[in-house]
There are 2 protein chains.
Amino acid sequence: MFDSSLPAEFALIARHFGPLAGPAALGLGDDAALLVPPPGRELVLTVDAMIAGVHFLPDDPPDLIGRKLLRVNLSDLAAKGATPIGYLMTVAAPRDTPDGWFARFAAGLAQDQQEYAVTLLGGDTTSTPGPIALSLTILGHVAPGTMVRRAGAQPGDGIWVTGTIGDGALGLAVALGKLADPTGHLLQRYRLPQPRVGLAIAGVASAGMDISDGLVQDLGHLCRASNLAAEVDTTALPLSPPAQKAGADWLPTILTGGDDYELLLSVPPDREAALRQAARDAGMPVTRVGSFRAGPPGVMVRGPNGKPLSLARGGWSHF
Amino acid sequence: MFDSSLPAEFALIARHFGPLAGPAALGLGDDAALLVPPPGRELVLTVDAMIAGVHFLPDDPPDLIGRKLLRVNLSDLAAKGATPIGYLMTVAAPRDTPDGWFARFAAGLAQDQQEYAVTLLGGDTTSTPGPIALSLTILGHVAPGTMVRRAGAQPGDGIWVTGTIGDGALGLAVALGKLADPTGHLLQRYRLPQPRVGLAIAGVASAGMDISDGLVQDLGHLCRASNLAAEVDTTALPLSPPAQKAGADWLPTILTGGDDYELLLSVPPDREAALRQAARDAGMPVTRVGSFRAGPPGVMVRGPNGKPLSLARGGWSHF
């Protein structure tokens, strides 16, 4: 692993990625990683690709690119109630990519490995005539039968979210110069996801996923998977102070914008206390923003006046 | 998974990749795969990237690209003595990639999934402004403590290879118009690796890897990992009839060219019978081509006259 189709300069890669490797990686010196799965647990696996010019800009800080790549995958594990183990990664980069780019990319990964207690299991590096192309496969584990799925919500279950909603999308507006951000909070939320690793939702949430494509669109996924309708009360939405300050004009962005990486959970009424306890234990706020009911899959959002909102994108529909 | 940053046309992806998904993939409709690891087994994981213009040509047959992507990873598992389970994959493709490309790519994967008893566990698709970029992470399993590593060869162990050596590199010469190939055997060997899945080397080989970068270079890796010297007898090399026919001028290519995807194994003398039995059980030829001895890591190749060969590339050296 981390054999390379590139010549000498890519020996540097081993230098940068070697320190990230955990015991299972065998020093990145073998052809495969060797992992003893946690006894009596099931494995949760997910993978995401990130391409320069699509998911990040070529001149974005390399450490943030590395951290975002790891964090979007950690967020998926968190939404499934899984405890992270480690990851494998491929890095395709142009031949003229400076050594410093790899050093800073690896430094970002190293920082988040420590924060989230994961290690690099293995990888592959190669040259590409195109933009930097990254792919990261992450492994986690859950107790048997407890992985939180998209399907499983029941009529009457509450719709819960962690943290605050909309900061990621407003942060993009800030990056595009469309919104002021005196505290820098919104831009920071957009640039670096905060995966909700450590919130013990297994056995608590009846369904769940992370919010990466916007609350309404992702709630629509839960509705379709569980064959239920959902109703969201905008007055219940947890908003950060800068999001509150942005004002009512930004409500559609808050509801339909992406990059929140908060968790979206279905929780039966009799497990709300368990969720609140789990949230206290993890030091993460949770808020009930609506409920599921029987009906054709779709999301209805009630505005401040109690009437359904019409959203141009990702809004009320029966799919 | 297989959420996409691309619009409508990529709903087609789910259509192409959906049929590849096994039970653990949850129909590709969740955010993660859920895998029950085989009880009492250890997991072996490896990942490889393939980029158009680097690892394959943009107009190569898409089914062969898919099959090669899967097979190079299966070959790594085979070299570790691991039984394949399944794989996760990312596909980054230009927006104008025709639907038929994906159909044929997936058809190639489907064919090999059946041949090698693996299923798709999950994936991610995305657009890219660059060439097609593929990444595949594969999982396998072994009995505890039996993964065949690069390190572990002992002085006196025999050096064994499966199948025939050099056909891949000669096939490349055929593709470049430098060599005739009346039977098409060499070109086929170059185009489509035949991973040695099913050869039961766990507990038999003291060290091993697959030959992807040429016999001499990869044997050098084993030497370094095991801190031993190796001696290869060219008169013992198993050559296909077309490789024999190519003649002595092609011996350096046979020794140092890549793309064989045969296994390179270290086997203690008292386990040779076990290896031969495993080879019979799997219907795969194995041949002893040399031995390890104490000494500075390096590969000596004896030519037909018994004298050490001097190879321009990947030859005798102490690294």
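E1(A) pairs with strand E2 (residues 42-51) of chain B in the antiparallel sense, over three bridges; strands are DSSP runs of E of at least two residues, helices are runs of H or I of at least four, and both are numbered from the N terminus. Two strands count as paired if DSSP finds at least two bridges between them. Leu35(A) has Leu43(B) as its bridge partner in E2(B). The model is predicted: local features need pLDDT of at least 70 and side-chain atom pairs count only at pLDDT 80 or more, while totals for chains, interfaces and linings use all residues. Residues are numbered from 1 along each chain as its sequence is written, and chains are lettered from A and ligands numbered from 1 in the order in which they are written.

The contact between the chains takes 47 residues from chain A and 48 residues from chain B, two residues being in contact if their C-beta atoms, placed from the backbone, lie within 7 Å. On the side of chain A that touches chain B, the elements that give two or more residues are strands E1 (33-35), E2 (42-51), E3 (83-93), E4 (119-127) and E5 (133-142) and helix H2 (62-79) of chain A. E2(A) provides the largest share of this side, nine residues. By type, the residues of this side of chain A are 25 nonpolar, 13 polar and nine charged (nonpolar: Ala, Val, Leu, Ile, Met, Phe, Trp, Tyr, Cys and Pro; charged: Asp, Glu, Lys and Arg; polar: the others, Gly among them).

Chain A contains nine helices and 11 strands. Its radius of gyration, taken over C-alpha atoms, is 21 Å, close to the 20 Å that the globule rule gives for 319 residues, so chain A is as compact as a globular protein of that length; the rule is 2.2 Å times the number of residues to the power 0.38. Of the 319 residues in chain A, 56% are buried, that is, with 20 or more other C-beta atoms within 10 Å of their own, whereas exposed residues have 12 or fewer.

In chain B, helix H9 (residues 272-282) has Leu275(B), Ala278(B) and Ala279(B) buried. They lie on the same side of H9(B) because they cover an arc of only 100° around the axis, the arc being that of the directions from the helix axis to the C-beta atoms. Ala273(B), Gln277(B), Arg280(B) and Asp281(B), on the other side of H9(B), are exposed. The buried residues of H9(B) pack against strands E6 (158-162), E9 (262-267) and E10 (286-293) of chain B.
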